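Dear colleague,

I am handing over the structure below, and my notes on what was found in it follow directly after.

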Amino acid sequence: MKIEIKSLVKEYKQGDQTISALKKVNLTITSGEFYSITGRSGSGKTTLLNIVAGLTTPTSGNVLLDGKDIFTLSDSALSLYRNATIGCVMQQHSVLANLTVLDNVRLPFHLAKREGDSAKEAYRLLSLMGIEDLAKRMPKRLSGGQIKRVVIARALINKPMLLLADEPTGDLDSHTTKEIMQTLKTVASEGTAILMVTHDHDANEYASTHFSMNDGALKRLS
């Protein structure tokens, strides 16, 4: 799997002004790599993730999945791309209060026709996240760190090629941050590419490739 981000530009109109959220961003994402992007709030990091996820349309440029631009896909094909190819852990993601932990994790599996045992895979992921004992619990009885683990497990249920993670350790203590980041590093070692944006120095250290973003411009650091 290869996702190529080419000359990506995103502009917004604000009155008579044009705001540039992304300025000709280029990035190639390959299987099993763990990428992190740091930068100030408002620098364009979340905008980039939303475009790669197919949730926001760029002003110009391309997001190519194995050579095909995702923004040339039909609405149904783009939805399938998001469901089958991309796993998302966004800042505003939450769990459904009326479903158990297990059913929250299983839900994306059943949004498209596919074969397999969703419960078995969900239990495997909950075990990977260290919360398999919470499978039958309702979300209102979970801590913030436990909910974050459920969200990550849900994002992985369809074995995505790419996991997009927007501040996955935000508001978590250092112990929980370490556990979650070690798990994400394991996920990358098993072949899923991870693109993470973070302000957390400790989380950033787990990535293998580091970038910074400033005023919409992406720069490789290491």
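**Pocket and strands**

The second largest pocket holds about 240 Å³ of space, where a pocket is an open set of points on a 1 Å grid over the protein atoms alone, reached by a 1.4 Å probe and with protein on both sides within 12 Å along at least five of seven lines, and the volume is the space filled by probe spheres set on the points, joined across faces, edges and corners. Its lining numbers 12 residues (each with an atom within 4 Å of a point), and Q91, K148, E167, G170 and D171 lie nearest the centre.

This is a predicted model, in which local features need pLDDT of at least 70 and side-chain atom pairs pLDDT 80 or more, while totals for chains, interfaces and linings use all residues. Residues are numbered from 1 along each chain as its sequence is written, and side-chain values use heavy atoms, without hydrogens and water.

Strand β8 (residues 193-197) has five of its five residues buried, so it is largely enclosed by the rest of the structure; strands here are DSSP runs of E of at least two residues, numbered from the N terminus, and buried means under 20% relative accessible area with a 1.4 Å probe, protein chains only. A193, L195 and V197 cover one side of β8, and I194 and M196 the other.

Strand β3 (residues 34-38) pairs with β8 in the parallel sense over four bridges (pairing requires at least two DSSP bridges), with I37 opposite V197. Strand β7 (residues 162-166) is also parallel to β8, over five bridges, and there A165 stands opposite M196.

With regards

Terms used. Buried < 20%, exposed > 50% of the residue type's maximum accessible area, 1.4 Å probe, protein only.
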